[in-house]
Amino acid sequence: MSVAAFLVRGVLVDSGFPNVSHEFRQFVDPSRLRGAMITHSHEDHAGNVALLAERGVPVSLPALSRGVTERPAPLALYRRWTWGSPDPTAFPLTTFTSDEFELLPAPGHSRDHHVVWDKAEGTLFGGDLFIGVKVRVAHPGEDIRGTVASLRRVAELGPARFFDAHRGLVARPMDSLQAKVQWIEDTIGAIEDRHRAGANESQILRDVLGGEALLGLASGGDYSRRNFVRSIVSSLVDPRPSVGA
Ligand SMILES: [Zn+2]
């Protein structure tokens with residue numbers, strides 16, 4: 001897996017992951033960086049906030065991300081292996097503020113997830129909002145319906161350019177955002193139909209998403225298709241009466 005951080009007019013969007021902290025340290029030149037904006041607290045985005053703070057770079061960070069960056073919780077083995085464990089960040093940070101860039105809430109992928117909106121250029125840095133159209137895997141507690149609402153809100157900005165943290169430049173951003181909304185809504189509909197018909201979680205997983213992904217197995221179920229199904233079923237307002245599985 002790979003992840004991008006972006007540098008635009010002296011402003012850094014996200015900070016990479018802890019396993020590249022050595023290279024990142026060479027890159028961070030406070031005289032060149034006006035500040036940094038962090039989309040959310042996952043270690044592949046906020047992995048080097050401690051280093052930015054240590055180098056005196058002002059940082060804009062979602063309020064909900066503070067606890068995780070101040071006291072990072074132990075990560076699952078597959079995340080430690082892929083990205084590494086972040087160092088704790090000492091607060092208070094010097095806060096970065098800008099008239100050109102906004103950190104806008106876009107929850108769903110995580111509660112603290114934000115996007116960075118470059119108003120002057122109409123460019124959106126989407127963090128992990130998009131990743132791809134047909135993303136069938138989710139973390140525990142990920143809110144798939146929340147992601148749809150965030151995608152719709154972001155589309156209303158009408159971005160001319162959209163940079164995804166894992167995909168880079170997304171061609172035809174409006175079409176891509178709309179395609180993702182459509183695919184998730186169709187998938188939610190199929191999951192709800194199977195749920196109402198009495199299917200259990202494993203049956204829905206098999207019938208709608210084609211069973212568990214290799215990533216789901218490799219992560220011990222932490223980043224899995226089952227979590228996607230669970231997010232939809234657990235958020236049904238009027239769950240069907242309990243029936244035999
Ligand atoms: Zn993330």
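Entry 1, terms. I take helices (H or I, at least four residues) and strands (E, at least two) as DSSP runs, numbered from the N terminus. This is a predicted model, in which local features need pLDDT of at least 70 and side-chain atom pairs count only at pLDDT 80 or more, while totals for chains, interfaces and linings use all residues. Residues are numbered from 1 along each chain as its sequence is written, and side-chain values use heavy atoms, with hydrogens and water left out.

The largest share, three residues, is from α4. On a 1 Å grid over the protein atoms alone, a pocket is an open set of points with protein on both sides within 12 Å along at least five of seven lines, a cavity is a set where a 1.4 Å probe fits but cannot get out, and lining residues have an atom within 4 Å of a point. The volume of this second largest pocket is about 360 Å³, where a volume is the space filled by probe spheres set on the points, and points are joined across faces, edges and corners. Its lining has 20 residues, and M1, W83, H139, L215 and Y223 are the closest to the centre.

I read a volume of about 500 Å³ for the largest pocket. Its lining has 27 residues, with S41, H42, V68, R79 and S110 closest to the centre. I sorted this lining into eleven nonpolar, nine polar and seven charged residues. Ala, Val, Leu, Ile, Met, Phe, Trp, Tyr, Cys and Pro count as nonpolar, Asp, Glu, Lys and Arg as charged, and the others, Gly among them, as polar.

I found one cavity of 30 Å³ or more in the whole structure. The largest cavity has a volume of about 130 Å³. Of the 14 residues that line it, L129, V135, E142, T147 and K180 lie nearest its centre. The elements that give two or more residues to this lining are α5 and α6.

I looked up α5 (residues 144-156) and α6 (residues 173-196), whose axes come within 10 Å and cross at roughly 155 degrees. Therefore α5 is roughly antiparallel to α6 (angles over 145 degrees count as such). Axes are lines fitted to C-alpha atoms, for helices over the stretch in contact, and angles run from 0 to 180 degrees between N-to-C directions. Residues in the contact (heavy atoms within 4.5 Å) include V148 and L151 of α5 and I184 and I188 of α6.

Methods. Angles under 35 degrees count as roughly parallel, over 145 as roughly antiparallel, 65 to 115 as roughly perpendicular and the rest as oblique.
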